[in-house]
Amino acid sequence: MTRIRIQHNPPPEAAEPDARQQIKPLSHHEILSLMGPFTKAGRHADLTASQRADRRLAFKTVTHAPSDELPIRLTETLHLEVPESGPLTLVRSVQDDSGLISTVTAKGEDAGLLLERVEAVPVRRQFGLHVGVPVARSYLIEGSEGGKDGGGWSTRVLITDAKTRLRGINLDFKADRFVGHAVDLRLTTDAGTKLLIPEDLTAVIGWRWRPLREFVSLWRGSIRVESKEPRRTADIEHKIGRTITHLARTLDRPPADFHPRFHKARWRVSFQRGIPLGIGLLLVALTPAIRWIDMADDSILKMLIFHAPPFMLAAMFMMREMPRIEIPPIPRPLKNATWLAEVAEKGGKSRLQPATADAGER
């Protein structure tokens with residue numbers, strides 16, 4: 001007898017848009033419960049700028065007049081992010097008249113403690129001034145319960161990034177919080193312009209400045225800094241200042257002056273770039289000499305020689321940055337007349353204007 005099995009698979013019900021969980025807006029009761037420490041410190045809520053639906057509470061702006069230490073006007077804004085669950089986030093943003101913005105961010109459960117930690121960082125620390133060029137520095141406040149003495153709350157202020165605009169060039173410094181990582185430097189320009197700079201523009205400052213590499217729309221380099229706090233943040237601030245000062249003084253002069261001024265430093269950079277290639281060629285040259293070395297079968301030297309490749313591979317991955325094997329370029333005078341050139345569109349392709357078509361030596 002034939003048996004017939006009938007199976008019913010109904011289609012899944014479509015979820016209604018209102019069925020998904022909605023974020024609960026910030027209520028007046030929650031706002032009042034958070035306002036105590038802010039009101040005591042003279043901070044007043046700006047309900048117009050606040051976004052209750054996103055649970056974001058804003059405070060009225062404060063203007064800081066120029067001073068002898070920092071002769072630029074700063075506008076300070078403060079906002080508190082209040083998630084339904086998890087720590088609070090307090091962010092203080094400081095902006096100058098040119099549009100540069102820096103932030104100080106702190107996270108925790110107590111709004112009063114967050115305000116104390118943020119206000120412990122001077123507002124004027126968020127902006128530096130190097131040879132007349134303002135730089136906006138952003139920080140993250142990290143805290144942990146207990147210190148070496150086993151009690152209290154220890155905090156540290158870590159720099160995360162810095163931004164400035166110099167002679168038509170945007171500079172972005174990205175400081176990763178991971179131990180040992182170098183500071184990432186990026187140079188960009190406005191649309192319609194192109195940078196005509198050599199790869200060793202910043203590397204001539206010192207050994208810790210790596211050569212720049214040109215990508216599609218930016219130039220990118222790195223700066224080696226101290227690997228551990230508290231020296232790391234101070235070292236990053238110092239090297240950012242040196243970089244801005246060097247670029248300001250270099251870009252104020254024509255490109256033709258770059259080679260004569262940094263002739264010895266450019267040759268040092270070429271030597272530094274050739275070190276990885278030189279080590280590789282030296283190892284290749286010494287390899288045939290192994291057969292003339294009389295070693296016992298149980299010799300440690302013999303073991304090290306035959307296991308050198310994996311040891312070297314492991315050492316490369318443990319380095320702060322991967323070495324770049326290349327033939328170092330010979331420093332030559334720059335041929336371009338300006339550091340920036342206008343880019344014109346022709347036939348769907350961009351090209352340099354004839355007046356600045358000669359690019360500098362890379």
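How many residues lie between β3 and β4 in their hairpin, and which turn residue has a positive phi? The hairpin has 6 residues between the two strands. G86 in the turn has a positive phi of about 105 degrees.

The structure is a predicted model, in which local features need pLDDT of at least 70, side-chain atom pairs count only at pLDDT 80 or more, and totals for chains, interfaces and linings use all residues. Residues are numbered from 1 along each chain as its sequence is written, and side-chain values use heavy atoms, with hydrogens and water left out.

Strands are DSSP runs of E with at least two residues, numbered from the N terminus. Two strands pair if DSSP finds at least two bridges between them. Strand β3 covers residues 74-81. It pairs with β4 in the antiparallel sense, over 8 bridges. Within this pairing, L80 stands opposite L90 of β4.

Strand β4 spans residues 88-96 and is mostly covered. Of its 9 residues, 8 are buried (under 20% relative accessible area; exposed is over 50%, partly exposed in between; 1.4 Å probe, protein chains only).

T105 lies in β5. Its bridge partner is V91. T105 counts as buried because its relative accessibility is 18%. Contact means heavy atoms within 4.5 Å. Leaving aside residues up to four places away in sequence, T105 touches T89, L90, V91, Y139, L140 and I141.

Notes: Helix = DSSP H or I, 4+ residues; strand = E, 2+ residues; numbered from the N terminus.
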